[in-house]
Amino acid sequence: MAAALIWIPLLSGLLTELGVTKAQQTTLHPLVGRIFVHTLDHETFLRLPEHVAVPPTVPVTYQAHLQGHPDLPRWLRYTQRSPHHPGFLYGTPTPGDRGRQVIEVIAYNRDNFDTTRQRLVLLIGDPEGPLIPYQAEFLVRSHDVEEVLPSTLASRFLTALGGLWEPGELQLLNITSALDRGGRVPLPIEGRKEGVYIKVGSASPFSTCLKMVASPDSHARCAQGQPPLLSCYDTLAPHFRVDWCNVSLVRKLRHLEVDKSVPEPADEVPTPGDGILEHDPFFCPPTEAPDRDFLTDALVTLLVPLLVALLLTLLLAYVMCCRREGRLKRDLATSDIQMVHHDTIRGNTEELRQMAASREVPRPLSTLPMFNVRTGERLPPQVDSAQVPLILDQH
């Protein structure tokens, strides 16, 4: 018992040193059809005293997933520009996502390898207030998705867009990166951004200016490389550079009441068939697959190249071995004067070689061993050549 009491504090201290902490829990309330943004700040995950500020150079990365699953739900996305920037969980829940979802977030401190866990309990419910039938989506090319997710810039966009819409409250419905919609990664040039799609809705109808931008005439001008028709002042410029050729307007109809005077048709009970498809003139599969012998094809594939190679070999051997002219034919084709001339030169050469081999002439002194060019002396062969200097004294 005493040994167990000793090991308990030691184990708790070891777990504290390893950075294993109890997961924090935060409850959030996303709404169906509304944008949900949660910022993952370094201050929330780093275990520092209250009076100590978080150094801006501490790199922290995050990993988020749905509890019991390896990835996030379909409606939720995660992004972080770099380990020195905060992370964002954002998305728009659909009606099928109502209920309770638990997101587990793990933060990694890249300096000391400390690990902190946090649980986000998402209670997804329906929004209050009137429906939003009028929805418009804009492509903003002057910003990245991480720049628009903070509430300050998003509120500024809604305020600027109010000058192009009929008076009414605007709601931010969705924010999507242009890369998630098939956009290309921009070149690393100053001023180039990835782009972001911003979806806004309102209970007020579209203005004449927005209707003109989305008209067929504007689409025709965009197809020709010309700017679309814009009958009002662009209140979004210069802070937001909107691609007006990629503006889409959608009007969602309200649910219509069912007319009780018209009887509903009875549900048709499916009749089980025989399992054979009906005749289709465009699809006629073969009824039988006859047996096919591939021996002939194999023999043709192998034997034909071998026979061609054999014929080429025989032809080359005949040309090289059986078509030689011979010395007799060569001598007959050569004139007698040329043969006598060649025979004379050859005989004279042999005679000179014999005379040079029979003469007795002493060898040149320069070819003898240890010959001194300056004095003309020749050292006796008994002298050890290792003891003779390379340069002799001049007398």
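**View 1. Strands β4 and β5 run antiparallel and are joined by five bridges.** In this predicted model, strand β5 covers residues 87-91. Q80 stands opposite G87 of β5. Strands (E, at least two residues) and helices (H or I, at least four) are DSSP runs numbered from the N terminus, and two strands pair if DSSP finds at least two bridges between them.

**View 2. Three strands make an open antiparallel sheet in the order β2-β5-β4.** β2 (36-40) and β4 (76-80) are at the edges with a single partner strand each, so one side of each has no neighbour in the sheet. From one strand to the next, the twist averages 20° (angles run from 0 to 180 degrees between N-to-C directions of axes, which are lines fitted to C-alpha atoms).

**View 3. V247 in strand β11 (residues 242-251) is buried, with a relative accessible area of 6%.** Buried means under 20%, exposed over 50%, and partly exposed in between, with a 1.4 Å probe and protein chains only. V247 touches E137, F138 and V213, leaving aside residues up to four places away in sequence; contact means heavy atoms within 4.5 Å. The C-alpha atoms of V247 and V140 are separated by 9.9 Å, and the two residues are 107 residues apart along the chain.

**View 4. L306 lies in helix α7 (residues 295-321) and is exposed, with a relative accessible area of 57%.**

Residues are numbered from 1 along each chain as its sequence is written. Local features need pLDDT of at least 70, side-chain atom pairs count only at pLDDT 80 or more, totals for chains, interfaces and linings use all residues, and side-chain values use heavy atoms, without hydrogens and water.
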